[in-house]
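Here's a quick walk through the model you have open. Keep the sequence alongside and follow the residues as they come up.

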Amino acid sequence: MSSSVSLSTTSTRWDARLWGVLLTVSIVIGLDALDVSMVGVALPAIQADLGLSTNALQWVVSGYVLGYGGLLLLGGRTADLLGRRRVFLVAVAVFALASLLGGVVDDGALLIASRFIKGLAAAFTAPAALSIITTTFQEGPARNKAISIFAVFGASGYSAGLVFSGLLTEVGWRWTFLLPAPIALIAFAAAWKLIPSYEREAGRGYDFPGAITGAAGSLLLVFGVVEAPEIGWAAPRTLITFVVALALLVTFVLIEKRSAHPLLRLGILRSGPLARANLGGALFFGAYIGFQFVVMLYLQRVLGWSALQTALGFLPAALIVAFGSPRIEPLIDRVGTPRTIFAGVVAHVLGYALFLRIDEHSGYAGFVLPSMILLGIGFTLAFSSLNIQGTAGVADNEQGLAGGLLNTSLQVGGAIGLAVVTAVLTANGGREASPAALLTGLTPALSVVTGIAVLGLLIAISGLVARKRPAEEPVPEGDLLALAD
């Protein structure tokens, strides 16, 4: 029997070690999220110091997204097969070393390589961290409370990255890379001491053909999405990338259907709540990442705000998430995840729609702040609920897979959302336009963001409808496995 059983609990009153496990993995997921956003404000300083071209500069950000979004599924299944604690520790150590490397290099190619390695490490830490929580805290109020706290660190880490990037860039851009390193090393030491060993799956082989085709297909898909706005969606290189990625992913599905030990057991996708959490999460995060990009351009290029002022403009949303997410668990227990997801998505749709009112002289209090408040409320309601719904009813030996699927959906959804919004913006005025012309381009981009959020709202509504039908109630673990096999 796994040693995790002695640590597992159904109670919401936890001892020091349980809190230690939860906070350790939550800090790491916060670092993963922080690293996605923290480099953005430092990009002009990096470009000036290292002499990077604009195309090379985007890969300082995109390199991380490529490693993170492209390998999450592989990272989740690896945690199930090789052991969650082992995978988590190795990945955190690699993340810390890559952070140090990024802070000291003087070559653009090495900097981009360090970002890719950090993204790769995050692709293994994120699903391992979530599966450690879902196998330590049993399904129900205890797990809901733990995931709500976990979600605080993820959402707040992303927002905190925006603020820290503004502060640290004033000192030197290298600090935006160096800051995560000591925090990751502290988390490594805590994980080594507190996280128990989990038995890996007995008698399972390794699906190497599935791992190769799945990882290659995912990486190429994310690579194509990231590059398309820069080189053109109809460019031959873009089309070839997507065709090869599609071929690899189709091959991956065929391999998984025939493999005795699949990397991705396709039957897990037959769970309606899990499928809705993944699709809804992709749309939810895609709309938000696109909106954040638009708002940053608007505040800095149209209103003339500094990088630090822009970062602080997002602070109200971050504070609502930080204070609200730890307190959302009783509401989720009472009304269920479909209703809280629906309410959160409605808040985001309203926030995006309100932002369509902006002009060249819009004040923060009357135009920007209402959207930030609604975004904070929406994240508080929906983000924890999506994490809970995306892992509910899944056997312990597939929690890493479920976590990897959900995080893949969020990251790929964010990459696609940003790419689509960037393409629309470029087609309607471009990123180098004057403030007035840029504002003209921002309106259709904001409309696309709102449209993506409305699609997410339709998924949320389908969850409410399905919840009323007995056949669509969340499937118990045993029934889910029986259905899939």
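Start at Val 225, which is found in helix α10 (residues 208-231); helices here are DSSP runs of H or I with at least four residues, numbered from the N terminus. Val 225 is buried, at a relative accessible area of 4%, where buried means under 20%, exposed means over 50% and partly exposed is in between (1.4 Å probe, protein chains only). In sequence, Val 225 and Gly 417 are 192 residues apart, yet C-alpha to C-alpha the two are 9.4 Å apart in space.

Before going further, some housekeeping. This is a predicted model, in which local features need pLDDT of at least 70 and side-chain atom pairs count only at pLDDT 80 or more, while totals for chains, interfaces and linings use all residues. Numbering runs from 1 along each chain as its sequence is written, and side-chain values use heavy atoms, with hydrogens and water left out.

Glu 256 sits in helix α11 (residues 236-258) and counts as buried, with 4% relative accessibility. Is Gly 304 buried or exposed? At 56% relative accessibility, Gly 304 counts as exposed. Along the chain, Gly 304 and Pro 435 are 131 residues apart, with 9.1 Å between their C-alpha atoms.

Now for the charges. Side chains of opposite charge can pair when their charged atoms come close. How many salt bridges does a search of the whole structure find? It turns up three, taking a salt bridge as a side-chain nitrogen of Lys or Arg within 4 Å of a carboxyl oxygen of Asp or Glu. Here they are:

| Salt bridge | N to O distance |
|---|---|
| Arg 115 and Asp 35 | 2.6 Å |
| Lys 118 and Asp 35 | 2.8 Å |
| Arg 174 and Asp 106 | 2.5 Å |

Take the Arg 115 and Asp 35 salt bridge. Arg 115 is in helix α6 (residues 108-136) and Asp 35 is in helix α2 (residues 16-38), so this pair ties together parts 80 residues apart in sequence. Both ends are out of view: Arg 115 is buried at 0% relative accessibility, and Asp 35 is buried with a relative accessible area of 0%.

Asp 35 also meets Lys 118 in a salt bridge. With Asp 35 in helix α2 and Lys 118 in helix α6, the pair ties together parts that are 83 residues apart in sequence. Lys 118 is buried as well, with a relative accessible area of 0%. Put together, Asp 35, Arg 115 and Lys 118 are linked in a network of salt bridges.

The side chains of Arg 174 and Asp 106 form a salt bridge too. Arg 174 lies in the loop between α7 and α8 (175-178), and Asp 106 in the loop between α5 and α6, so the pair ties together parts 68 residues apart in sequence. Asp 106 counts as exposed, with 62% relative accessibility.

On to helix packing. The axes of α5 and α6 are 8 Å apart, and the helices pack at an angle of about 150°. (Axes are lines fitted to C-alpha atoms, for helices over the stretch in contact, and angles run from 0 to 180 degrees between N-to-C directions.) That makes α5 roughly antiparallel to α6, since angles over 145 degrees count as roughly antiparallel, under 35 as roughly parallel, 65 to 115 as roughly perpendicular and the rest as oblique. The crossing of α5 past α6 is left-handed, meaning that the near helix is turned anticlockwise from the far one by less than a right angle; clockwise would be right-handed.

Helix α7 (residues 141-171) and helix α17 (residues 364-389) have axes that come within 9 Å and cross at roughly 120°. That makes α7 oblique to α17, and their crossing is right-handed.

Last stop is the surface. Val 90, Val 94, Leu 101, Val 104 and Ile 117 make a nonpolar patch of about 370 Å². Patches take residues with over 30% relative accessible area and no salt bridge, joining nonpolar side chains (Val, Leu, Ile, Met, Phe, Trp, Tyr) within 5 Å and like charges within 9 Å; areas come from the Shrake-Rupley method with a 1.4 Å probe, and for residues only the protein chains shown count as cover. Helix α5 (residues 84-104) gives the most to the patch, with four residues. Val 94 is in helix α5 and counts as partly exposed, at 31% relative accessibility.

How values were computed: Helices (H or I, at least four residues) and strands (E, at least two) are DSSP runs, numbered from the N terminus.
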